[in-house]
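Please look through the sequence and the model shown below. The report that follows takes up strands, core, aromatic rings and charged side chains in turn.

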Amino acid sequence: MQKVIPALRITDYTKSKAFYVEGMGFQIDWEHRFEPHFPVFVQISKDEMTIYLTEHTGDCQVGGLIHFFVPDVDNWYRELKSKKEIRIIEPPNEDLEGLRMMTLVDPDDNQLRICTRL
């Protein structure tokens with residue numbers, strides 16, 4: 001079970017939802033707003049990976065970086081490379097010893113590194 005849940009700052013929930021849910025295949029676990037038109041705080045998950053997305057300016061800044069460890073980064077690459085919502089900035093490589101990874105960015109330039117341990 002995941003013991004830490006990272007949060008990423010987002011600025012447009014509609015764009016982020018398209019990226020994470022439609023593009024990457026995450027599911028929305030829950031959403032919270034203090035009032036109907038207030039910023040959203042949402043939990044999303046896929047497989048055994050969970051993250052928070054927040055529009056609240058005081059939670060964190062845009063431009064974060066998180067690593068997802070998956071069994072096969074190349075499968076993820078094949079699945080994601082043709083999706084229009086996904087911007088891959090680095091295809092799978094072994095630039096870091098012991099890892100094969102790729103890097104994508106979300107609509108707010110948060111970096112997501114999809115990694116497989118070698």
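## A pair of strands

Which residue in β8 does H67 stand opposite? H67 stands opposite R113, and the strands concerned, β5 (residues 65-69) and β8 (residues 111-117), pair in the parallel sense over 5 bridges. Two strands pair if DSSP finds at least two bridges between them; strands (E, at least two residues) and helices (H or I, at least four) are DSSP runs, numbered from the N terminus.

This is a predicted model, in which local features need pLDDT of at least 70 and side-chain atom pairs count only at pLDDT 80 or more, while totals for chains, interfaces and linings use all residues. Residues are numbered from 1 along each chain as its sequence is written, and side-chain values use heavy atoms, with hydrogens and water left out.

In a regular strand the side chains alternate between the two faces of the sheet. In β5, I66 and F68 make up the covered face, whereas L65, H67 and F69 make up the uncovered one.

## Aromatic rings

Rings of Phe, Tyr and Trp (its six-membered ring) pair if their centres lie within 6.5 Å, and planes under 30 degrees apart count as stacked, over 60 as edge-to-face and the rest as tilted. A search of the whole structure finds 6 aromatic pairs. The rings of F19 and Y20 have centres 4.8 Å apart and planes at 80 degrees, so this pair is edge-to-face. F19, Y20, F26 and F68 form one aromatic cluster.

## Charged side chains

The structure holds 4 salt bridges, each a side-chain nitrogen of Lys or Arg within 4 Å of a carboxyl oxygen of Asp or Glu. R100 forms one with D74, the closest N and O atoms being 2.9 Å apart, and this pair links distant parts of the chain, with R100 in strand β7 and D74 in helix α2, 26 residues apart. R100 also forms a salt bridge with E94, at 3.7 Å between the closest N and O atoms, and D74, E94 and R100 are linked in a network of salt bridges.

Notes:
Buried < 20%, exposed > 50% of the residue type's maximum accessible area, 1.4 Å probe, protein only.
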